[in-house]
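These are my notebook entries on one protein model, written down as I looked things up. The structure comes first, and my notes follow.

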Amino acid sequence: MKLSKIIVAGLSFCSLNASAEISFNRPVEEITTSCAAYIETFNKNIVALVGQKSEATYDTVFETFDNYITEFADSLLHDNLMKNTHPEEAVRKASTDCTVKGFEVLSALNANRPLYDRMSQVGLKGLPEAKAFTVNHWKQRFQESGIGKDQTTRAQIQTLNDEISQIGTEFNQNITDAVGSIQVKKERLAGVPEDYLTAHPANGEGLVTITTAYSDITPVTKYAHDRELRKQLTLMSMNRAAKENPVVLLNLLAKRYELAKILGHNNFAEKNLLGTMAKTTGNVVQFTAKLNDAIKQPSVKENARLLKQMQDIDVDVKQVNSWDVPYLSNIVRKKEYQLDAKIVREYFDYDKVRDGIIGLSEDLFEISIKASDGPVWHDSVEAYEIFENDELIGRFYFDSHPREGKYTHAEQFGLKFGKRGISKPSAALVMNFPKGLMEHGQVETFLHEFGHLIHFIFAGQNDIGHSIFQEEFDFGEAPSIMLEEWVWDYDTLSHFATNSDGEVIPKKLVKRMNAARHFGRALEEARNNTYTAFAFDLYNQNPKGLDLDAFEKNVFERYSPYGYIEGTRDYASFIHLNGYGAKYYTYQWSDSIAEELLSRFKKEGLRNVKTARDYRQMILAKTGTKPAAELVKDFLGRNFTTDAFVEKLSRGE
Ligand SMILES: [Zn+2]
């Protein structure tokens, strides 16, 4: 799963105060004291803002607000990153406690009537487009949050928001903590690449430990011949937090439903779609129905090809199961496309991939990126600075490898929001890749996450510090999904994909990778449809009396080609159910936008710097200063539709 912006869901504000750089290695007491201090400062600042006696103009109200909120968010983003990555448990704990309080302050903002009143006094006349957009954005945001309700109701809303934030934190934390592991005899790993076995040596009793971390599981489910082992690991992964999270999730659903009802909606899904491009529950239902239709035939065909391979191994097997899919897909690619993933991965050593992604960004966006020896939070973290025409425009970090207590997915974390002439944006990629050879799919994930990062950095160059926070949620994955295309491009790969002998990846091999690329797409999309429907339907109802296990069974039977696996609770570690709420459809929606954006690059050249410049200036840099649909229209010269994506899926691509 590629995720990205849980931060944007909950907090996603910006920064601005460049004066005080926060250390990554503060003692626990300092974290707690500093947290209390920045929360107090922000609250006082907002009181001062609403007490202004001056005329309410964009500069007096919104410019000041932008400064306050970005300063506050800088600190909060920092603690949020530490909560997910710091090597010391006590620091993670203190940072977690702090971010819970910080999120509460942010959600309280939406209920701040005096602030709303002050902001409402600001007129739009004469304001440039981006500033007018900001004024309207906040007005709408306040209204959607129930600012028009009486004081008692507003207090009730506030209490619910605080509870939701706390429950959501618990849900995520349970998933982070739920790292399962098994010990297996080395012989059972037959088929798995050598470098994996070297990195996972057997103990004195000949047993190898495999955890539920992606970097541990992925090679085994893809290569191990032992079907039972693949099943065991898949089920262990699907059952992470299965004991702890069902009750937490029910509680989250109940509170969100209650909140939606108070705000006058039929359910939480309806409320959750406010401010999105998709807008209404009807549009999401229609969109997913189209996708489901589109993949029906292609997914049946793909599944038949997998079953054939399975029966070549064991003639008695009547059906493919989800734990067979990566393994069998690999065989199909090998037999039908002469593509050996083990050979492919020899060209994707982590260090070279990282440098290749950096090089691509430099070429495409006319920037230069230099390693920095600035402070980091762990020895393995890599720090960089970005320059444009010799001027520093941002910083970023790669925290790429798994370690105990660290966030287990791949995600971009904003760390500091940027504002032209005042502050430089900064962000981190938190990922869980092996230190040596990577799967091509992991390279794609790396570039995907880097797409979020570069979006964050380029959006942090305009005059509104918190602009990216104003972006529609369901646009957020488009720039990242689009960037994935470059890992299929020979010109790009030839810059960095070399094996241990220094030989460049052969053109023929990349050609075969592309020929095999779309195999499995329909099944993957079926999987996406399953999760999209799961999240959407879960919130598009009254959760009272809901049996989560039965609900999962029902959704999986309707959407997944592999149905429901008895005894699993995949929802317990479906982390998007907190941060994305009902909006898992975002991936497919964004995918349809990415398809449109890409159409111009495909026409003008993937490495065409003029096209990349337009893309950066018209879309990335303007994020949150204009409706996303208009930004896309500016870039394409026409309106965007989801048709191209749907048609592509129906062709089995
Ligand atoms: Zn993403």
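## Notes on loops, helices and a metal site

I began with Glu-366, which I found in the loop between helix 16 and strand 3 (368-372). I must keep in mind that this is a predicted model. When I looked up the backbone of Glu-366, I noted a positive phi of about 55°, although this residue is not a glycine.

I then looked for another residue of this kind and came to Gln-338, which is not a glycine either and has a positive phi near 50°. Gln-338 has its place in the loop between helix 14 (325-337) and helix 15 (341-345).

Next I went back to helix 16 (residues 350-365) and asked how its axis crosses that of helix 25 (residues 609-620). The two axes come within 8 Å, and I noted a crossing angle of roughly 90°. Angles of 65 to 115 degrees count as roughly perpendicular, and helix 16 and helix 25 are therefore described in that way. On the side of helix 16, the residues in contact are Asp-363, Leu-364 and Phe-365, and they meet Val-609, Ala-612, Tyr-615 and Arg-616 in helix 25. Sorted by class, this contact has 5 nonpolar and 2 charged residues, with no polar ones.

I turned to helix 2 (residues 28-50) and helix 3 (residues 58-85), whose axes come within 10 Å and cross at roughly 170°. Because angles over 145 degrees count as roughly antiparallel, I wrote down helix 2 and helix 3 as roughly antiparallel to each other. Among the residues of helix 2 that meet helix 3 are Ile-31, Tyr-38 and Phe-42, while those on the side of helix 3 include Phe-65, Tyr-68 and Phe-72. By class, I noted 12 nonpolar, 4 polar and 2 charged residues in the contact between helix 2 and helix 3.

The crossing of helix 24 past helix 26 is left-handed. From helix 24, Ile-593, Glu-596, Leu-597, Ser-599, Arg-600 and Phe-601 meet Val-632, Phe-635 and Leu-636 of helix 26. This contact holds 6 nonpolar residues, 1 polar residue and 2 charged residues.

Last, I asked which protein atoms are the donors of the zinc ion. They are NE2 of His-448, NE2 of His-452 and two OE atoms of Glu-477, lying 2.1 to 2.8 Å from the zinc ion. Along the chain, these donors follow the spacing H-x3-H-x24-E. His-448 and His-452 are about one helical turn apart, because they lie 4 residues from each other in helix 17 (residues 440-459).

Conventions: Residues are numbered from 1 along each chain as its sequence is written. This is a predicted model: local features need pLDDT of at least 70, side-chain atom pairs count only at pLDDT 80 or more; totals for chains, interfaces and linings use all residues. Side-chain values use heavy atoms; hydrogens and water are left out. A crossing is left-handed if the near helix is turned anticlockwise from the far one by less than a right angle, and right-handed if clockwise. Helices (H or I, at least four residues) and strands (E, at least two) are DSSP runs, numbered from the N terminus. Contact means heavy atoms within 4.5 Å. Ala, Val, Leu, Ile, Met, Phe, Trp, Tyr, Cys and Pro count as nonpolar, Asp, Glu, Lys and Arg as charged, and the others, Gly among them, as polar. Donors are N, O and S atoms within 2.8 Å of the metal (3.2 Å for Na, K and Ca); water is not among the atoms, so sites may look incomplete. Axes are lines fitted to C-alpha atoms, for helices over the stretch in contact, and angles run from 0 to 180 degrees between N-to-C directions. Angles under 35 degrees count as roughly parallel, over 145 as roughly antiparallel, 65 to 115 as roughly perpendicular and the rest as oblique.
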